[in-house]
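Colleague: I'm new to reading protein models. Could you walk me through this one?

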Amino acid sequence: MHEEIISRARFLLTELHLPPAEAASRLRHYFPDLELEERARYVRRAAEPPPDPVAPVEPAGSPLAR
């Protein structure tokens with residue numbers, strides 16, 4: 001369900017070009033059980049760029065991780 005909420009929030013932000021506050025408000029129509037703070041958190045997560053699938057992930061102790 002989390003991915004569905006993030007996907008809907010991403011749609012509101014990118015396809016409808018809504019500002020984050022309005023996107024959080026509109027999420028209420030799709031997910032009425034979510035509180036405002038939860039909706040805002042999902043909108044923030046939806047606004048984050050997805051991780052780069054090509055970039056290698058270095059272990060924390062690696063010299064490249066600095």
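**A charge, a ring and a helix**

Modeller: Gladly! R8 lies over the face of Y30, at 4.2 Å from the ring centre; a charge counts as over a ring if NZ of Lys or CZ of Arg is within 6 Å of the ring centre and within 35 degrees of the ring normal. Please keep in mind that this is a predicted model, where local features need pLDDT of at least 70, side-chain atom pairs count only at pLDDT 80 or more, and totals for chains, interfaces and linings use all residues. Residues are numbered from 1 along each chain as its sequence is written, and side-chain values use heavy atoms, leaving out hydrogens and water.

Colleague: Over the ring of which residue does the charged end of R41 sit?

Modeller: Here we look for the ring below the charge of R41. The distance from that charged end to the ring centre is 5.5 Å, and the ring belongs to Y42.

Colleague: How many helices are there in the protein?

Modeller: Helices are DSSP runs of H or I with at least four residues, strands are E runs with at least two, and both are numbered from the N terminus. The pattern along the sequence is α-α-α. With zero strands, the count of helices is three.
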